[in-house]
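Please read the points alongside the sequence and the coordinates.

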Amino acid sequence: MSLPVDPGPDPSPRPAGFRAPPGSCDTHFHVFEHSPRYPMSPARGYTPAKATNEDFRRMLRALGLQRAVLVHPTTYGTDNRLLLDVLRDNPDYRGVAVVDLNVTDAQLEELDRAGVKGIRITAVSAGGVPLGQLDALCARIAPLKWHLQLFARAEKLLELAPRLPKLPVPVVLDHFGGLTTAHAGSRELDTLRGLLGTGRIWLKLSAAYRVSLGGPPYADVLPLARALIDKAPDRLLWGSDWPHPKLHGKPMLNDGDLLGLLGTWAPEEPLRRRILADNPAALYGFPTAA
């Protein structure tokens, strides 16, 4: 398969402009190994550069973060072996798996024991699980008290919005709910704020570089971020989206700069503590004390 290959992660992450509180969590990262043990799916939409867990932990230390949530990428389809191996070696991680309706109860139990807390469905990336399986999969994971993580564009979010609060599991929306800075003051933003108000929906303030239409330093994201923070600060999470797959030739990002944006969106330390530490502890089952 001839696909563009991503750049590797920034080898020299720098600190953010504030000190992260104890128990801070990056709720969205991926690991990519080029190994026969972890074959990539032929249905994938991109080929990632190698990005190891050791590389990621170096970034965590530079940013002063202690916890993380590993999100299984669509490049491996529904083969969760890499996710399982990393989780078993890192008790300070939690995981989000990708499964389809062929998953067995035994496989779900194995994932649960390793620290998986949810499954991901994407309406954006090739190689993911189709949205048509959403209701049936949510019924399968409800007894485990997992959540559904959903990646969808803003127009798809409008379509799905009436269904999401009625699902038998909480829902976590990726990357600002698929909105961009063009959606400030829009029906899509009103819908997203309404979903957050139900208490059933969580949102990741992640991948600001995918949200911004203005480019670095992504100052145009501020009004959108504030509109969401003001609505539901107890339902928001932060994620780096490390190692930033599918940049498609754009320069690699420094994660300290991305975390530093949260200092602008949430200048109050108690608010940052809620987004970085308290909310992830509640959703992913981390101990409340670091």
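1. The model is predicted. In helix α10 (residues 269-284), E269 and R273 are four residues apart and therefore separated by about one helical turn. Their side chains form a salt bridge, with N to O at 2.8 Å. E269 counts as partly exposed at 35% relative accessibility, and R273 counts as partly exposed at 32%.

2. Helix α1 (residues 53-63) holds D55 and R58, three residues apart and thus about one helical turn from each other. A salt bridge joins the two side chains at 3.3 Å, N to O. D55 is partly exposed, with 21% relative accessibility; R58 is also partly exposed, with 38%.

3. D174 and R120 are both buried. They form a salt bridge whose closest N and O atoms are 2.6 Å apart. Because D174 lies in the loop between β6 (171-173) and α6 (187-196) and R120 in strand β4 (residues 116-122), the pair ties together parts that are 54 residues apart in sequence.

4. R67, in strand β2 (residues 67-71), is buried yet has no salt bridge. The nearest side chain of opposite charge, D278, is 7.5 Å away. A polar atom of the R67 side chain does, however, lie 3.0 Å from the backbone oxygen of P287.

5. The axes of helix α2 (residues 81-89) and helix α3 (residues 105-114) come within 9 Å and cross at roughly 35 degrees. L83, L84, L87 and R88 of α2 meet E110, L111 and A114 of α3. Five of the residues in this contact are nonpolar, none polar and two charged. R88 and E110 also belong to a salt-bridge network with R37 and D85.

6. Across the whole structure, the search finds 15 salt bridges.

Methods
Residues are numbered from 1 along each chain as its sequence is written. This is a predicted model: local features need pLDDT of at least 70, side-chain atom pairs count only at pLDDT 80 or more; totals for chains, interfaces and linings use all residues. Side-chain values use heavy atoms; hydrogens and water are left out. Helices (H or I, at least four residues) and strands (E, at least two) are DSSP runs, numbered from the N terminus. Buried means under 20% relative accessible area, exposed over 50%, partly exposed in between (1.4 Å probe, protein chains only). Lys and Arg count as positive and Asp and Glu as negative; His and the chain ends are not counted. A salt bridge is a side-chain nitrogen of Lys or Arg within 4 Å of a carboxyl oxygen of Asp or Glu. A polar contact is a pair of N or O atoms within 3.5 Å; within protein, one must be able to donate a hydrogen and the other to accept it, and residues adjacent in sequence count only if both atoms are side-chain atoms. Axes are lines fitted to C-alpha atoms, for helices over the stretch in contact, and angles run from 0 to 180 degrees between N-to-C directions. Contact means heavy atoms within 4.5 Å. Ala, Val, Leu, Ile, Met, Phe, Trp, Tyr, Cys and Pro count as nonpolar, Asp, Glu, Lys and Arg as charged, and the others, Gly among them, as polar.
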